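Trainee: Let us go through the labels one at a time. I want each one set against its cut-off.

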Amino acid sequence: MKKFYTLFASLAFIFAANAANNKLTFFIGETPIENGSTVEFNDLTVVEDFGDGWGEVKYEPKLFLTNDFYSSKIKVTAKCTSGETVMMCCGGLCGSGVEVVKDNLKMQAASTLPLEFHWENSEIEIAAVPEITVEFEAFDGSGKNSPASFTLVMKKNAGVENIAAAAYVRFSGKTLYYNVASASQLTLYSIIGTPVLSRNVSGNGSVSLDGLAKGCYIYSLAGKTGKIYVK
């Protein structure tokens, strides 16, 4: 939180030094973005590593908008031209889609608005994370501030695909996939705690759950536990 307020203070100082420009200005971190330019962001966050090259991932560049004059009619648009679903909040209810529009935003003079923009995927092969291109535009319906626009290109950072395949359990369809460093016992329990399946496993492999009835089960393997739902 302290870093967040320090960033806001830095932005306010930079903004004050350019306050005579009478315009809207996008920032990425503490760096102002030149109107009409293209900016690259290559910091993919692996929120959780499932192993075997799979994980939960997120692109979350710290984007901000500053202005020179008070307005209650500011409109910010994020259009993903590469076709992915993105999210943007701008201090309110988050919107998601290939194009997200937040309008009638209120900004005081010399203020900073966090766009709270991000793209995420809860389960994806990390090598298959796409390059994402988004066009941003800010417009003041009151006419006090001149508009601003830029293009953001988000790419994987070098080395992110080389994440080690740590111990993991992953479930898809009716198959449970595992990876363990040494011989371990895989046990599956019913929701009331009754063992329904037990296997001695090692290394990387899978277990078919075709014979199990539909419902919720709890697995235990190499110190990891979790729920799976057999349909």
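Trainee: Where is the place of N104?

Mentor: N104 lies in strand β10, residues 99–107. A strand is a DSSP run of E of at least two residues, a helix is a run of H or I of at least four, and both are numbered from the N terminus. This is a predicted model: local features need pLDDT of at least 70, side-chain atom pairs count only at pLDDT 80 or more, and totals for chains, interfaces and linings use all residues. Residues are numbered from 1 along each chain as its sequence is written, and side-chain values use heavy atoms, with hydrogens and water left out.

Trainee: Why is N104 called exposed?

Mentor: Its relative accessible area is 58%. Exposed means over 50%, buried means under 20%, and partly exposed is in between (1.4 Å probe, protein chains only).

Trainee: What about C90: buried or exposed?

Mentor: Buried. C90 has a relative accessible area of 6%, and that is under 20%, so the label holds. C90 also has a positive phi, about 55°, without being a glycine. Its place is the loop between β8 (86–88) and β9 (95–97).

Trainee: How do you know that N145 is in polar contact with D140?

Mentor: The side chains of N145 and D140 are joined at 2.9 Å. A polar contact is a pair of N or O atoms within 3.5 Å; within protein, one must be able to donate a hydrogen and the other to accept it, and residues adjacent in sequence count only if both atoms are side-chain atoms. The side chain of N145 also reaches the backbone nitrogen of D68, at 3.1 Å.

Trainee: Where is N145, and why is it called buried?

Mentor: N145 lies in the loop between β13 (132–140) and β14 (148–154). Its relative accessible area is 4%, so it counts as buried.

Trainee: What does H118 touch?

Mentor: K58, Y59, E60, V86 and M87, leaving out residues up to four places away in sequence. Contact means heavy atoms within 4.5 Å. H118 and V86 are 32 residues apart along the chain, with 6.2 Å between their C-alpha atoms. H118 is in the loop between β11 and β12 (119–125). It is buried, because its relative accessible area is 12%.

Trainee: How do you know that β7 and β13 pair?

Mentor: Two strands pair if DSSP finds at least two bridges between them. Strand β7 (residues 71–80) and β13 have seven, in the antiparallel sense. One example is C80, whose bridge partner in β13 is V134.

Trainee: What is the order of the open sheet of five strands?

Mentor: β3-β14-β13-β7-β10, with mixed pairing. β3 (38–41) and β10 are its edge strands.

Trainee: What makes them edge strands?

Mentor: Each of the two pairs on one side only.

Trainee: What is the order of the open sheet of four strands?

Mentor: β2-β1-β6-β11, with antiparallel pairing. Its edges are β2 (31–32) and β11 (112–114). Inside that sheet, β1 (residues 25–28) and β6 (residues 63–66) share four bridges. I28 has L63 as its bridge partner in β6.

Trainee: How many residues lie between β16 and β17 in their hairpin?

Mentor: Four, and G193 in the turn has a positive phi of about 95°. β16 (residues 175–190) and β17 (residues 195–208) pair antiparallel over twelve bridges. β16 is also joined by four bridges to β18 (residues 215–221), again antiparallel. There, S190 has Y217 as its bridge partner.

Trainee: How does the chain score on pLDDT?

Mentor: The average is 85, and 85% of the residues score at least 70. pLDDT is the predictor's confidence in each residue, from 0 to 100. Residues 15–20 stay under 50, with seven contacts beyond four places in sequence. Where pLDDT is low, the predicted coordinates should not be read in detail.
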